[in-house]
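The sequence and the model come before the description.

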Amino acid sequence: MSERAAPFYCPYCGDEDLRPSETGGHGAWECASCRRAFALKFLGLLSTSTATATGGRPDDHRD
């Protein structure tokens with residue numbers, strides 16, 4: 001297994017003072033600034049058919 005994914009900033013307040021949560025389990029982080037806890041979870045990779053079904057086009061190049 002690879003290293004844990006580390007967020008660069010809090011998704012709530014934007015501060016960078018984050019620490020791994022000791023009580024939240026794998027992927028859980030605590031923000032020292034706003035005192036919120038949150039978790040990161042990798043859901044998987046989208047297939048080409050999934051992207052097309054949700055409205056996205058894999059070859060969509062916007063200028």
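In this predicted model, strand 2, which covers residues 28–31, pairs with strand 3 in the antiparallel sense, and the pairing runs over three bridges. Within that pairing, alanine 28 has alanine 39 of strand 3 as its bridge partner, while tryptophan 29 stands opposite phenylalanine 38, likewise a residue of strand 3. The hairpin formed by strand 2 and strand 3 has five residues between the strands, and in this hairpin arginine 35 takes a positive phi near 65°.

Strand 2 is also paired with strand 1, again in the antiparallel sense and over three bridges. Here leucine 18 stands opposite cysteine 31 of strand 2.

The residues named as facing each other are set out below.

| Residue | Residue across from it |
|---|---|
| Alanine 28 | Alanine 39, strand 3 |
| Tryptophan 29 | Phenylalanine 38, strand 3 |
| Leucine 18 | Cysteine 31, strand 2 |

Taken together, the three strands make up an open sheet with the order 1-2-3 and antiparallel pairing. Strand 1 (18–20) and strand 3 (37–39) stand at the edges of this sheet, and because each has a single partner strand, one side of each is left without a neighbour in the sheet. Neighbouring strands of the sheet are turned against each other by 30° on average, with direction ignored.

Notes. Residues are numbered from 1 along each chain as its sequence is written. This is a predicted model: local features need pLDDT of at least 70, side-chain atom pairs count only at pLDDT 80 or more; totals for chains, interfaces and linings use all residues. Side-chain values use heavy atoms; hydrogens and water are left out. Two strands pair if DSSP finds at least two bridges between them. Helices (H or I, at least four residues) and strands (E, at least two) are DSSP runs, numbered from the N terminus. Axes are lines fitted to C-alpha atoms, for helices over the stretch in contact, and angles run from 0 to 180 degrees between N-to-C directions.
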